[in-house]
Amino acid sequence: MHCLIVGKGENEEELKQYVEQNELNHIHFLGFRHDIPMILSHSDIVTLLSFREGLPRCVMEAMASQKPLVVTNIRGSRDLVQHGINGFVVDLEDDHALTESFIKLIRDPKLREEMGQASFERIQPYRLENVLLEMEDVYMRYLSSARD
């Protein structure tokens, strides 16, 4: 198993030192990337362990790529991930639940596949075509009420 850490963060150097000192050779810091679809295609599980988010695009991209997720129980992430359906939602700093979630997904390829499919189905309302149709409906109702 390899852990790919994508993006930049304020604790990055500290984490890199920890990984190096503890010889954790399966953890890779990829930095800021433009090839996220390619990285997702080679991934089995996607995680976002934020303390605060809006509506996280990276989670939405993972869902569109049919990936199961492990996310923290914060606004945005918990709106997209249904615990036990398309991934696992763990409370902040609950290391035991986090570890157990990963172990379940790592050990069970069928569960990963089922949750990945559930992610794909759950993200469909956010597809551009669907959002544009909803926006058109809103504008049409507004124009209709403005004429009355």
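1. The protein chain carries 16 positive and 25 negative side chains, and the centres of the two sets are 4 Å apart. Lys and Arg count as positive, Asp and Glu as negative, while His and the chain ends are not counted. Each charge is placed at NZ of Lys, CZ of Arg, CG of Asp or CD of Glu.

2. The model is predicted: local features need pLDDT of at least 70 and side-chain atom pairs count only at pLDDT 80 or more, whereas totals for chains, interfaces and linings use all residues. Residues are numbered from 1 along each chain as its sequence is written, and side-chain values use heavy atoms, with hydrogens and water left out.

3. The protein chain has 7 helices and 5 strands, taken as DSSP runs (helices H or I, at least four residues; strands E, at least two) and numbered from the N terminus. From that end the order of elements is β-α-β-α-β-α-β-α-β-α-α-α.

4. The C-alpha trace spans about 70 × 35 × 30 Å along its principal axes. Of the 148 residues, 27% are buried (under 20% relative accessible area; exposed is over 50%, partly exposed in between; 1.4 Å probe, protein chains only).

5. Among contacts (heavy atoms within 4.5 Å) with a separation of 6 or more, 49% are between residues 24 or more positions apart.

6. Helix 5, residues 95-107, has 13 residues and reaches 18 Å between its first and last C-alpha, close to the 18 Å expected at 1.5 Å a residue. The expected span is 1.5 Å times one less than the number of residues. Leu-98, Ser-101 and Leu-105 are buried in helix 5. They lie on the same side of helix 5 because they cover an arc of only 65° around the axis, an arc being that of the directions from the helix axis to the C-beta atoms. Asp-95, His-96 and Arg-107 are exposed on the other side of helix 5. The buried residues of helix 5 pack against strand 4 (69-72), strand 5 (87-90) and helix 6 (109-123).

7. The end C-alpha atoms of helix 6 are 21 Å apart, which agrees with the 21 Å that its 15 residues should span at 1.5 Å a residue. Its buried residues are Leu-111, Arg-112, Met-115, Gly-116, Ala-118, Ser-119 and Ile-123. Their arc around the axis is only 165°, which puts them on the same side of helix 6. Lys-110, Glu-113 and Glu-121 are exposed on the other side of helix 6. Cover for the buried residues of helix 6 includes helix 3 (57-64), strand 4, helix 4 (77-80), strand 5 and helix 5.
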